[in-house]
Amino acid sequence: MRVPILKQRDYLIASIQSALSDEDLLQLRDDLVEQTGRYRSRGAIVDVTVLDVIDSFAVRTLRAVAHMISLRGAETVIVGIQPEVAFAMVQLGLTLEDVATALDLEEGLAFLDRRIGGAAKHA
Amino acid sequence: MPNDAVVPIRSAADIVSARQEGRNLAGKIGFAGSDLTVIATAISEVARNILEHAKQGRIILDLVHHGSRVGLQVVADDSGPGIPDIPRALQDGYSTHRGLGLGLPGCRRLMDEFEIASESGRGTTVTMRKWMR
């Protein structure tokens with residue numbers, strides 16, 4: 001299932017609605033990287049609240065998303081990792097390394113506002 | 001609903017089916033909370049191993065008993081090339097593929113029991129069990 005990407009102000013919000021296959025994750029990566037340029041976005045939020053599994057492939061893809069968007073000159077924040085998912089990720093030894101995370105969508109927006117500053121607010 | 005399931009693994013979509021099937025069965029047996037996520041994550045890793053190394057195989061889920069204990073057994077079975085060096089495959093950071101090298105060693109940490117049998121050219125069988133606490 002293709003993940004809907006909403007444009008809000010200078011930000012893109014990818015709101016995952018259901019479990020994703022590997023192909024869905026790669027599609028999300030490509031869509032976000034492409035739309036960052038098309039909409040001249042300054043930041044992207046990937047909301048993973050509904051994901052009940054974040055395995056090594058998902059982590060690798062989320063890291064790739066953040067790095068690719070960073071190369072396009074924008075910021076990424078992953079929001080909504082559930083406590084039991086965080087537990088399994090730590091057990092598995094998975095880390096998002098330098099990728100920013102926030103508790104939920106609200107905190108993610110606040111993070112981008114702080115990182116990107118006032119400019120985005122006037123868009 | 002029976003206490004076992006076999007999920008063929010032939011595509012990435014089957015990985016999603018296998019972990020959902022595993023989560024459902026584990027929930028039915030009585031697992032809850034983070035155990036469900038841990039089981040589903042481990043299934044995801046072994047199912048992807050099948051797809052990446054053997055192209056196809058299957059995930060077999062079973063309710064198991066040991067004395068008064070109840071658990072879930074996950075068997076990942078394929079007829080692929082096999083794992084030439086199992087101790088090495090169980091080292092963190094070792095991957096023959098584009099993975100993070102955390103798949104099998106990670107699964108061993110996630111589950112209570114973990115065994116691999118592999119024969120070069122004949123295939124690989126990974127057996128994992130999680131017991132109810």
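**A tour of chains A and B**

Begin at the contact between the chains: 23 residues come from chain B and 18 residues from chain A. Two residues are in contact if their C-beta atoms, placed from the backbone, lie within 7 Å. This is a predicted model: local features need pLDDT of at least 70, side-chain atom pairs count only at pLDDT 80 or more, and totals for chains, interfaces and linings use all residues. Residues are numbered from 1 along each chain as its sequence is written, and chains are lettered from A and ligands numbered from 1 in the order in which they are written.

Select α1 (12-29), α2 (34-54) and α4 (103-110) of chain B. Each supplies at least two residues of the side that touches chain A. Helices (H or I, at least four residues) and strands (E, at least two) are DSSP runs, numbered from the N terminus. The largest share of that side of chain B, 8 residues, comes from α2(B).

Now go to chain A. Its open sheet has 5 strands in the order β1-β2-β3-β4-β5, with mixed pairing. Two strands pair if DSSP finds at least two bridges between them. β1 (5-8) and β5 (100-102) of chain A stand at the edges, each with a single partner strand, so one side of each has no neighbour in the sheet.

Next, select residues 11-15 and 43-47 of chain A. These are strands β2 and β3, which run parallel and are joined by 5 bridges. A:Y11 stands opposite A:G43 in β3(A).

Finish with helix α2 (residues 56-71) of chain A. α2 also packs on the sheet, touching β3 and β4 (75-79) of chain A.

How values were computed
Axes are lines fitted to C-alpha atoms, for helices over the stretch in contact, and angles run from 0 to 180 degrees between N-to-C directions.
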